[in-house]
Amino acid sequence: MLIIDAHLDLAWTALQWNRNLLESAYTIRTTEVGLPGKGRAQNTVSLPDMRRGRIALSFVTMLARSTGHKVEYLDYGSQAQAYGVAMGQLAYYRALEMDGHARIVDDGVSLRAHMAEWDAWEAKGADPLATPTLGFALSMESADPIRDPAQLEAWWEAGLRTLGPTHYGPGRYAGGTGSELGLSELGKPLLQEMMRLGMLLDLTHFSDEAFWQAVKIYDGPVLASHNNCRALVPHQRQFSDEQLQLIIERDGVVGAAFDIWMLQPGFIRGDSNKGVFIENVVDHIDHICQLAGSSRHAAIGTDLDGGFGREQSPCDLDTIADLQRLPEMLSARGYEAVDIKNIMRGNWLRLLYRAWA
């Protein structure tokens, strides 16, 4: 089944981690043996593995923070540095496009043409040696690289279509995961400019305070690209049922994430991933469907390259190609074919077509 994954940090992984994503995950693991650092030699995402997994379209991020934190390859000492790094990540995606490895999809016309190509490939037998070009929809995780709200239009012209204003801790525009901060002085004008441009608001990583402030200001299409359920894993990183209901009421979509600390209550980073399976992801998908009373609001947003690898992924997942196991698991829980198609790609398509109408 064709899949849309709403959250991959490909450029951050390629540039800040110095990974050649044109090689398979297995080759990348071999080249990283002996390198220090979390997730080294454990990679699960590469362009060849995405093609094997039939990931027709991905929301791919630009990620650089300037909040005073000290996380290597993520936080920078000034806003100018964060801006420069994010522009470099944008250039990486454009370079992949120029070389024929990817296609930037940024409006309804290009999206329909792109998906039609993948549908035709699948209908003809899905030759694994002749997959269509991978599709990328440009996103940004943390708006720190955006110098001020007025600059957002330049990012839109560059292809940015989805924005998550914050990440972890205090951001320039809003409080993020692990904080109790609301919107900053820059937050409201940023949201207003997003509405003017028609840019999708990704609510992922908002603190509770910033979440509720943001949805009172922004009345356009919303999503949570990579977010799980607080009712199953009680942590602020997940959304409460009340927050999920707000997204559902606005006809938004929530992408289930595969980072296992978001899948198992009480999991501590660095512990073994034994006992956490892809089925645990299905638990979160099912919870959203039960809240909504339909399959129209649950989807996939793996974050499988978000600073970790196999050691912090479900233990029965080797590479991103294993997302193809999800349809069978959903079917075993009683989901019909139309529901499974919604979850694997249809809901993201509906959201994008509506936003880009």
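A: Helices here are DSSP runs of at least four residues and strands are runs of at least two, numbered from the N terminus. With those labels, Ser 142 has its place in the loop between S4 and H6. Please keep in mind that this is a predicted model.

Q: Is Ser 142 buried or exposed?
A: Ser 142 has a relative accessible area of 2%, and because buried means under 20%, Ser 142 is buried.

Q: And what is its phi, for Ser 142?
A: The phi of Ser 142 is near 85°, which is a positive value in a residue other than glycine. Most residues other than glycine have a negative phi.

Q: What about Arg 54, where is it found?
A: Arg 54 is found in the loop between helix H3 (47-52) and strand S2 (55-62), and the phi of Arg 54 is also a positive one, near 60°. Its relative accessibility is 23%, so Arg 54 counts as partly exposed.

Q: Changing topic to helix H7, which of its residues are buried?
A: In helix H7, which covers residues 187-197, the buried residues are Gly 187, Leu 190, Leu 191, Glu 193, Met 194 and Leu 197. Seen down the axis of H7, these buried residues fall within an arc of 160°, so they line one face of the helix. As background, an α-helix has 3.6 residues a turn, so residues three or four places apart point the same way.

Q: What do the buried residues of H7 pack against?
A: They pack against helix H6 (152-157), strand S5 (162-164), strand S6 (200-202) and helix H8 (208-217). After H7 comes Gly 198, whose phi is positive, near 85°.

Q: Now H9 and H10, at what angle do their axes cross?
A: The axes of helix H9 (residues 241-249) and helix H10 (residues 278-292) come within 10 Å and cross at roughly 65°, which means that H9 is roughly perpendicular to H10. The crossing of H9 and H10 is right-handed.

Q: Which residues meet there, between H9 and H10?
A: From H9 there are Asp 241, Leu 244, Gln 245 and Ile 248, and these meet His 287, Ile 288, Leu 291 and Ala 292 in H10. By class, the contact of H9 with H10 has five nonpolar, two polar and one charged residues.

Q: Last one, where is the place of Pro 128?
A: Pro 128 is in the loop between helix H5 (108-123) and strand S4 (134-141), and with a relative accessible area of 67% Pro 128 is exposed. The C-alpha atoms of Pro 128 and Asp 286 are separated by 31 Å, and the two residues are 158 residues apart along the chain.

How values were computed. Residues numbered from 1 in each chain as written. Predicted model: local features only at pLDDT ≥ 70, side-chain atom pairs only at ≥ 80, totals over all residues. Heavy atoms only, no water. Axes fitted to C-alpha atoms, helices over the stretch in contact; angles between N-to-C directions. Parallel < 35°, antiparallel > 145°, perpendicular 65-115°, else oblique. Left-handed = near helix turned anticlockwise from the far one by under 90°. Contact = heavy atoms within 4.5 Å. Nonpolar A, V, L, I, M, F, W, Y, C, P; charged D, E, K, R; others polar. Buried < 20%, exposed > 50% of the residue type's maximum accessible area, 1.4 Å probe, protein only. Arc of directions from axis to C-beta.
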